[in-house]
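Please keep the sequence and the structure in view while reading.

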Amino acid sequence: MPLIRDGGFTADDWRWLGEGEASAPGQNAVIPLKRLLDEGEAAGARGVEVPNNTQPESLAPLFGRLDLIVIPFPAFNDGRGFSLGKRLRRLGFQGELRAKGHIIPDQYAYARACGFDTIEISDALAARQPEAHWREAAASMSLGYQPGYPGPQNILIARYRARDADR
Amino acid sequence: MYQYDAFDARFVRERVAQFRGQVERRLTGALTEDEFRPLRLMNGLYLQLHAYMLRVAIPYGTLSSLQMRQLAMIADKYDRGYGHFTTRQNIQYNWPLLKDVPDILDDLADVEMHAIQTSGNCIRNVTADPYSGVAADEVSDPRPFAELIRQWSSAHPEFSFLPRKFKIAVTGAPNDRAVIKFHDIGLRVVQNAEGQRGCEVWAGGGLGRTPMIGVKVADFIGETDLLPFIEAIMRVYNAEGRRDNKFKARIKILVHETGADEFRQAVYDEYARVDRSSMPPIDEELKRIEAFFRPPSYDALPDASPELQAAMIADPDFARWVRVNTRAHKQPGYAIALISLKPKGGAPGDATGAEMRAMADIADAHSLSELRVTAEQNIVLPNVKKSELFAVWSKLQAAGLAAPNAELISDVVSCPGLDYCSLATARSIPIAQEITERFADAAMQESIGPIRIKISGCINACGHHHVGDIGILGLEKTGAEAYQITLGGDPTDTAAIGERSGPGFPAEGVTDAIERLIHFYLRERQPGETFKETYHRLGHDVMKGALYAPH
């Protein structure tokens, strides 16, 4: 499945474990949240996929064991994942945050602003919306009004700096 | 008025270019129709019954004469010579071609306007008291707050794919003319005991198929805390709002199902966690914006105008228009004048290109080049010298815009209904037209006094029928239109949702029923009583009886 990172398609260095497949310590493997909770410390996988209605606080104690959190987007217009990503970053998660499922290029900049590093889409979606579309959409807005969301130049901060320079 | 700086201007231009690209990708099939729909909606473009409809934002209802002329140009060049002013202080064009839309958006950007977020499941265009900055009872001009929120909500990375649309209204006066209790978030600018400015915050109000009065979430949120507080409300809603059923997805359902106390707690918990580390000092940004809304340099005048008094004595028609269509201004010697877009037999809120230009010319000559749009689909000249009211009225007369019916029975609010809208189940405009014709007599209207009639052509309630003294809801019953009447609705501080009266009426019976009710009220009212007061004194059952009783 194609992965988008830093505006381009790239190879995925994570692997989804099958149901009975053992997870070894330190493995770049992803398991569902339920399995991670069931297996506790014994789950060696460093990646987890969590439902998009997960209470973010419940994940905070697991951050030390995780390098990747995957949030599914069941439909591109289901924006819960944006708030969950933002909340996980606010709680201090510093590993890779991935949006998986139906995301369109026009949402790429928003996803990054909410703390996502990577987008994982299906082959069919990638065929219809090739790499160039993601690159162009990501660059289409050079400005934004929301402080606290990285990405385009922040207008409120730019105005503040301009005033500051005048003082 | 607010003026764009280089950032605002570039932001809107980039957004237009982005939409051009999205249209192209739709045409090549890279974007499916499902994927394109929310993108075009967030740029104001609907697909209606017969054609595309473009809804242009008029932030907090404030317009310059230059902008009004551009709206007229667009009506003439890209539409069929008219536009429709809406209950959310916007303007809609009913006949643009898809291929022209990016060009229209560029024409709008030329006068610092756009169609961003006038539709879609995002934070919509922010509305405000149409008399902001000039109302005699105002504590603080709410428009700087509305502009701050407009900017903050534009292309918001986190809140552009909400469960459902989200509407914010702001007032700065104790008398609510912005309908804050029926908005997803309603704000009232207030001062606390320490003399600091901030907002009273309401949430969870709304009309639509499940009308609800909002709950107060906070008595006072200081002005520098307002954006973090709104962010907290939005985040709770985005995470918790229902997505399983479109009709239960508004924040009002979340507030109702969660319970006001628990919802408030969730908002405060989130508020405590909001990241403020990269928030620049917002009081400075507010100050920057406020500078654009400083009162203009008014002439020092005595409050009473002998010219006005003389003209009112000389011309009773003018005198009536002054009594009915002007409101108290905070500056002595000035008045707020209402231009009614409800002429006898007209479609409520419609204005032709020529009418828009006439209003722009009058605003230049007599209202410091400024106009407003009201939630009642009328236009306001906010800064008219009392001594010039006669000149204003004469010009309005010449343009066919001097209907003396502001807030009277023929000042009917109506959605476009089945004549335009793909959601509608019945026609609205013909009912409105019939009412304005039946009650055309100006003296009769004035004697009936203030009364709100509001018509929606389906249960989505775009005509706000729930908050009309008389609300009319058009439905389809076994192939025929049927109109249900509600009584006792109230959009102001004494907010109330209208109560259903009983069986519906066929289209040809609605105006007769209303006429029966009005005659009953005129017979039964006590001296000085308004329709609303009589309704509350006599009660719903007595009043509704009059709708059905034959004479």
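Which residue in E8(A) does A:Ile4 stand opposite? The residue opposite A:Ile4 is A:Ile119. The model is a predicted one, in which local features need pLDDT of at least 70 and side-chain atom pairs count only at pLDDT 80 or more, while totals for chains, interfaces and linings use all residues. Residues are numbered from 1 along each chain as its sequence is written, and chains are lettered from A and ligands numbered from 1 in the order in which they are written.

**The sheet of chain A**

Helices (H or I, at least four residues) and strands (E, at least two) are DSSP runs, numbered from the N terminus; two strands pair if DSSP finds at least two bridges between them. In chain A, eight strands form an open sheet with mixed pairing, in the order E2-E1-E8-E7-E6-E5-E4-E3. Strand E2 (8–10) and strand E3 (15–16) of chain A stand at its edges with a single partner strand each, so one side of each is left without a neighbour in the sheet. Strand E1 (residues 3–5) of chain A runs antiparallel to strand E8 (residues 118–120) of chain A, and three bridges join them. H2(A) packs on this sheet, touching strand E6 (68–73) and strand E7 (96–101) of chain A, and its direction makes about 160° with that of E6(A); axes are lines fitted to C-alpha atoms, for helices over the stretch in contact, and angles run from 0 to 180 degrees between N-to-C directions.

**The contact between the chains**

Two residues are in contact if their C-beta atoms, placed from the backbone, lie within 7 Å. By this criterion, 36 residues of chain A are in contact with 36 residues of chain B. H6(A) gives the most to the side of chain A that touches chain B, with seven residues.

**Strand E12 of chain B**

A residue is buried if 20 or more other C-beta atoms lie within 10 Å of its own, exposed if 12 or fewer, and partly exposed in between, with C-beta atoms placed from the backbone. Six of the six residues of strand E12 (residues 334–339) of chain B are buried, so this strand is largely enclosed by the rest of the structure. B:Tyr334, B:Ile336 and B:Leu338 point one way from E12(B), whereas B:Ala335, B:Ala337 and B:Ile339 point the other way.

| E15(B), residues 379–385 | five | B:Val384 and B:Ala335 |

The hairpin of E11(B) and E12(B) has five residues between the strands, and in this hairpin B:Gly333 takes a positive phi near 85°.

**Helices of chain B**

In helix H4 (residues 101–110) of chain B, the residues B:Val101, B:Ile104, B:Leu105 and B:Leu108 are buried. They cover an arc of only 100° around the axis (taken from the directions from the helix axis to the C-beta atoms), which puts them on the same side of H4(B). Among the elements that cover these buried residues are helix H1 (6–28) and helix H3 (65–78) of chain B. Just after H4(B), B:Glu112 takes a positive phi of about 60°.

The axes of helix H7 (residues 251–258) and helix H8 (residues 260–273) of chain B come within 6 Å and cross at roughly 110°. H7(B) and H8(B) are therefore roughly perpendicular to each other, a term that covers angles of 65 to 115 degrees, with under 35 counting as roughly parallel, over 145 as roughly antiparallel and the rest as oblique. Their contact is made by B:Leu254, B:Val255 and B:Thr258 of H7(B) and by B:Ala260, B:Glu262 and B:Phe263 of H8(B).
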